[in-house]
Amino acid sequence: MADVAERGGAGGHAGVIGGSGRPGAVRLLLWALAAVLGVRQAAAVLRVPPGEWLGGFQFPGSLYDAGQFTGTPFAGLVLKPLAALATPSLEVAWTCVTVLLVAATGLVAARALPGPDPSPSPGPATATAPVPRRAALPAAPVLVALLLVSLPVREAALAGRTAVLPVLLVLLAVFRVPAGRPAGFLAGLAAALQPALLLFVPLLWLIGRRPAARAAAVTFAGATALSWASLPRDSWTYWVEHLAGTGLGGAPDGLANQSLHGALLRLGLSGPGEVALFLALAAAVAWLGLRRAVRYAHDGQLLLAVAVTGCVAVVVSPAGWRHQLLWVLLAVAGKVGRRAADRRVWPVAVVLAMTLPSAVLLPNLAALAPVRDNVPLLAALAAACAVPFLPRSSPYWREPVPTVYGRPADARWSRVPLLPFWRRVASRPNLLLELLLIRVGYSVYSHIRAAAPASRSVAEDNAGRIHGIERALGIDIEYAVNQAVVNTRWPEAFFNFYYTSFHFVVPLGILAVLYWRSPGDYRWARASLGLATVLALAGFWLYPLAPPRLMPGLGFVDTVHGVQDLANPSYGAMTAISNQYAAMPSLHFGWSLWCGVVIVVLARRRWQKLLGVLHPLITVCAIVATANHWVLDAVGGAAVVAAGFGLVHVLSGPRGLKAPLPVQRRTAVDPVRAPAASGRA
């Protein structure tokens with residue numbers, strides 16, 4: 001995000017959006033996108049039935065009797081008057097106000113991004129010069145859009161949840177309100193709504209804002225005392241019975257509790273031992289996180305310091321709910337990595353962790369459950385204690401080590417130019433980023449495939465046409481091969497094993513070898529595989545097709561999944577798992593053909609090339625023998641793979657990289673003299 005802001009400024013800023021005539025139009029487009037996402041978020045909330053949504057404002061007696069409210073007694077004291085206005089119009093008003101608060105949070109955070117000047121600030125640590133208003137304009141809609149699509153905002157729009165307001169209050173206290181009592185008052189109100197935010201009191205004290213720190217502590221104490229006086233029973237329930245809200249609104253070991261306490265409970269720990277371990281870990285995280293936050297504040301990265309402190313607050317809180325994790329998204333203000341190619345890893349990881357369900361990021365394996373169940377917590381913990389954000393005094397802050405590109409290849413066709421952003425990178429891509437993109441890409445592929453049209457009658461009609469074409473061509477061999485395999489034990493076992501075992505293992509293995517030994521070829525192979533898969537998705541949507549094993553009356557035997565009850569509309573054990581009519585083209589054969597082409601082209605030894613030829617041949621036999629595909633499905637798979645390779649060749653040139661472009665050697669930059677030099681430039 002800091003990179004976006006820097007590139008969007010005037011003068012020495014290059015601009016994310018190009019020349020002088022385009023910034024206004026692109027900014028307008030970005031704001032339009034943010035507005036669309038805001039409307040979409042509001043519509044998603046308003047689709048919840050009013051009776052169900054208004055449950056968060058039902059306070060029949062105690063605030064916590066209904067079991068839905070999780071806020072502090074002070075928050076309940078503020079919201080309780082709204083219970084008398086619990087009508088459908090309140091749902092609309094609450095949703096609109098939440099969206100406006102998110103937009104305001106994005107605007108304040110974008111304006112608080114550190115400026116490009118890496119020199120030490122002349123005053124106290126908090127007197128850093130923010131990014132110019134012109135430079136903040138591109139970053140603001142981007143940040144607002146990210147906040148709107150994030151999981152915390154999606155959950156914060158529910159009734160009675162005030163997680164966005166404390167974040168905005170802290171940002172206003174630190175960046176927009178004059179330092180002193182007014183700023184401390186806002187920070188104290190934020191802590192009264194979310195007690196873990198009391199950690200901002202020591203942060204303000206340590207960075208030189210002691211009047212604000214004192215005012216924040218006094219405001220929190222006053223607001224809490226007011227709630228004790230007004231709601232003594234609820235205050236006792238929240239602070240004493242539930243230890244600052246632990247267990248209110250959900251089980252402490254539920255996935256919604258993304259704190260260290262919740263993670264330890266999910267690991268099976270309990271009792272005094274778990275409490276002691278939690279307190280020790282929380283103290284260590286608070287100490288290390290606050291040290292880092294103070295260091296970043298003195299370095300002029302005050303927004304990063306605020307984000308780190310917020311992440312610490314959620315991690316060490318006994319109940320750190322997902323809707324309180326907006327701080328993690330603000331941590332994209334920090335820069336990580338000396339290489340330009342590594343700068344995208346941290347922002348991409350944060351955006352994926354905070355916008356996608358954990359099941360999309362990691363497969364459903366028991367060994368990965370401790371990680372998959374705690375992805376938001378791990379992101380907050382990494383931001384608080386582990387991620388090595390660059391200081392502004394680093395020579396790599398403004399100018400990271402540039403990426404090495406090969407010389408541009410000539411376009412294959414004069415009317416189909418090379419894509420302007422498809423430059424030929426010679427260096428190895430970042431491994432973490434590749435793993436994230438591969439996993440998320442496959443998850444998106446699975447969801448799109450599952451959502452493709454699956455009308456049984458249409459799929460069976462299309463299968464009848466395919467079968468008729470094959471009979472006309474004399475290639476309708478599926479039944480004969482299937483019966484031959486069924487009547488012989490060892491071929492059936494072999495083809496079943498081959499069909500179920502090598503579909504993913506071989507392509508991933510090839511990509512891993514190419515990543516390590518030949519980065520240029522890795523990018524070529526990965527791009528062609530991705531394009532082929534995208535084209536196959538179009539086939540799944542446009543032409544649903546029943547495989548032979550699901551065609552009634554033809555006598556095919558499903559050797560892999562067992563006998564199917566074709567009279568049942570929900571037949572088959574696999575029907576509930578994936579779209580069984582996404583068969584044309586066959587990616588089982590398509591991916592195996594891709595593997596064969598890559599091996600034949602790149603392998604050096606003949607036996608390796610022979611394996612590359614055998615793999616698609618055995619795969620096509622397996623998909624036909626197991627009655628999972630028609631022969632023409634394999635033809636379709638071959639077509640999309642050929643199209644994938646062809647598109648890469650047309651759009652980015654030949655496979656081999658030309659000599660890399662010369663890269664200007666960078667020298668160590670004197671952090672004190674660098675601003676003057678850039679100003680002269």
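**Salt bridges in the model**

Let's start with Arg526 and Glu434, whose side chains meet in a salt bridge at 2.7 Å, N to O (a salt bridge being a side-chain nitrogen of Lys or Arg within 4 Å of a carboxyl oxygen of Asp or Glu). Arg526 lies in helix α25 (residues 519–542) and Glu434 in helix α21 (residues 431–451), so this pair ties together parts that are 92 residues apart in sequence. Helices here are DSSP runs of H or I with at least four residues, strands are runs of E with at least two, and both are numbered from the N terminus. Glu434 counts as buried at 6% relative accessibility, while Arg526 is partly exposed at 28%. Buried means under 20% relative accessible area, exposed over 50%, and partly exposed in between, with a 1.4 Å probe and protein chains only.

Keep in mind that this is a predicted model, where local features need pLDDT of at least 70, side-chain atom pairs count only at pLDDT 80 or more, and totals for chains, interfaces and linings use all residues. Residues are numbered from 1 along each chain as its sequence is written, and side-chain values use heavy atoms, with hydrogens and water left out.

The structure holds three salt bridges. Another one joins Arg322 to Glu155, at 2.9 Å from N to O. Arg322 sits in the loop between α15 (302–316) and α16 (326–330), and Glu155 in helix α7 (residues 151–156), so parts that are 167 residues apart in sequence get tied together. Arg322 is partly exposed, at 25% relative accessibility.

Then there's Asp342 with Arg339, their closest N and O atoms being 2.8 Å apart. Asp342 is buried at 16% relative accessible area, whereas Arg339 is partly exposed at 30%.
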